[in-house]
Amino acid sequence: MTHSIKITRRNLLGATAGLIAAAGLKPSTASAQQAAAPAASTAKPIPAYVSWKHADSMIVHTPTTIETKRSAIGSSIITPSDRLFIRNNLPAPSAADIGDVNAWKINVEGVGKPQTLSLSDLKQIGYETMATVLQCSGNGRGLFPGKPSGTRWQTGAAGCVMWAGVPVREVIKALGGVSAGMVYMTGTGGEKLPEGIDPLAVVVERSVPLSAMQDAMLSWEMNGEPMPLAHGGPLRLIVPGYSGVNNIKYIKRLAFTKEQTQAAIQKTGYRMSPVGQKGDPSQPAVWTMDAKSWVTSPSPDSGPVKAGLVQITGVAMGGLEDVAKVDVSLDGGKTWQVARLVGPDLGKYAWRQFVLAATLKAGQYDVACRVTTKSGVAQVVVSTENAAGYLNSGWQSHAVKINVA
């Protein structure tokens, strides 16, 4: 297997501070958000290292933060690779750094028989495919009423992806199981670190609860093709139900540990800090995603809608659970109608598409949606605002205003 995606150093971050700040969208009203998206997409071209992205579907914020337009994300359950968002904390390794992708090595520690395994070795241990929602921790940040800093994401820092690789549990089983007393699964990325800076200040290294291991995967394919460098190839840790930063790109070390990593991205970054406070280890880590949904069509960036029968579509995710139902409101949440789930069910970690057929007269409609999981957990009305604008899942802020003529 050879890697065909070209990578350049144009995907550099502007500053080390980007390591501990999730990308987000400038807070505003629904109408202001809708007006901003097309302007952003026309202002900046697709960077050369991801020239294969579908330019008309993307909003380029910076070379390393590229969003999918609301109207481009929901056409199928699996998000096409050329429409999947980009969010990188550090520059990707170059193709020269990677070399032979099958020779890429990962050190596995905190197990009965610690070993260094190549990608070729992993392919002999096991194989599985799995669909999961991949979502940046800051997706929807700009829909908060406050003004958390960061990239101005709307709903497009998310996608549903089909991964292929080996389940982590199979690798661990082959290496004698997890050592006694371990509490966390810690993944370390293989990005080239800037010189002259404390590695712990910049390395992408995240710890998640040990329980996440059961469904985690070491993936070498994305949507049926070799994992692109821009998305973490040749090997990426996939942690279903957890926000994007925990899905470590270019993974070179998988360790089972008693404590969380001391890397800044874990210790003080990606923490649910109260507004006005800095990240602190005592604050909750940004780990699992919540139940969330949003309308993808009609979309504000598609212009006015013709009066008559309209198919209102969208996507819904349950976080760690299956989606049970989705309700849609045409009046900002005053009344609700049950939408129909469509398309195949790809498992609890994938999202579901939904549709509501509605006859609309001329006027303006405040269209909202809310998902309920199998256990009865409903999407929150409003997410608690936090300093960095993480994990915004409130249905109220994700509503859109649709003009019908």
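Lys401 counts as partly exposed because its relative accessibility is 31%; buried means under 20% relative accessible area, exposed over 50% and partly exposed in between, with a 1.4 Å probe and protein chains only. The model is a predicted one, in which local features need pLDDT of at least 70 and side-chain atom pairs count only at pLDDT 80 or more, while totals for chains, interfaces and linings use all residues. Residues are numbered from 1 along each chain as its sequence is written, and side-chain values use heavy atoms, with hydrogens and water left out.

Lys401 forms a salt bridge with Asp366, the closest N and O atoms being 3.9 Å apart; a salt bridge is a side-chain nitrogen of Lys or Arg within 4 Å of a carboxyl oxygen of Asp or Glu. Asp366 lies in strand E20 and Lys401 in strand E21 (residues 400-404), so this bridge ties together parts that are 35 residues apart in sequence. Asp366 is partly exposed, at 26% relative accessibility.

## Overall composition

The protein chain has 6 helices and 21 strands; these are DSSP runs numbered from the N terminus, helices (H or I) having at least four residues and strands (E) at least two. Of its 405 residues, 55% count as buried. Residues 24 or more positions apart supply 73% of the contacts with a separation of 6 or more, a contact meaning heavy atoms within 4.5 Å.

The accessible surface of the chain comes to about 16000 Å², and 54% of this belongs to carbon and sulfur atoms. Accessible areas come from the Shrake-Rupley method with a 1.4 Å probe; for residues, only the protein chains shown count as cover.

Strands E17, E16, E20 and E21 form an open sheet of 4 strands in the order E17-E16-E20-E21, with antiparallel pairing; two strands pair if DSSP finds at least two bridges between them. The edge strands are E17 (337-338) and E21, each pairing on one side only. E16 and E17 are joined by 2 bridges, and Val328 has Gln337 in E17 as its bridge partner.

Asp327 is buried at 4% relative accessibility, whereas Arg370 is partly exposed at 26%. The charged end of Arg370 also sits over the ring of Trp336, 4.1 Å from its centre; this requires NZ of Lys or CZ of Arg within 6 Å of the ring centre and within 35 degrees of the ring normal.

## Strand E8 and its neighbours

E8 pairs antiparallel with E9 over 5 bridges, and Gly187 has Arg206 in E9 as its bridge partner. E8 is also joined to E13 by 5 bridges, again antiparallel, with Tyr184 standing opposite Thr257 in E13.

A search of the whole structure finds 6 salt bridges. One of them joins Arg253 and Glu205, with the closest N and O atoms 3.2 Å apart. Arg253 lies in strand E13 (residues 253-257) and Glu205 in strand E9 (residues 205-209), so this pair ties together parts 48 residues apart in sequence. Arg253 is partly exposed at 22% relative accessibility, while Glu205 is buried at 12%. Salt bridges that share partners join Glu109, Glu205 and Arg253 into one network.

## Aromatic pairs

The structure holds 6 aromatic pairs. Rings of Phe, Tyr and Trp (its six-membered ring) pair if their centres lie within 6.5 Å; planes under 30 degrees apart count as stacked, over 60 as edge-to-face and the rest as tilted. Tyr184 and Trp287 form a tilted pair, 6.5 Å centre to centre with 45° between the planes. Tyr184 belongs to strand E8 (residues 184-188) and Trp287 to the loop between helix H6 (264-267) and strand E14 (292-297), 103 residues apart. Tyr184 is buried at 17% relative accessibility, as is Trp287 at 19%.

The rings of Trp294 and Trp351 have their centres 5.8 Å apart and their planes at 90°, so this pair is edge-to-face. Trp294 lies in strand E14 and Trp351 in the loop between strand E18 (340-342) and strand E19 (352-360), 57 residues apart. Both Trp294 and Trp351 are buried.
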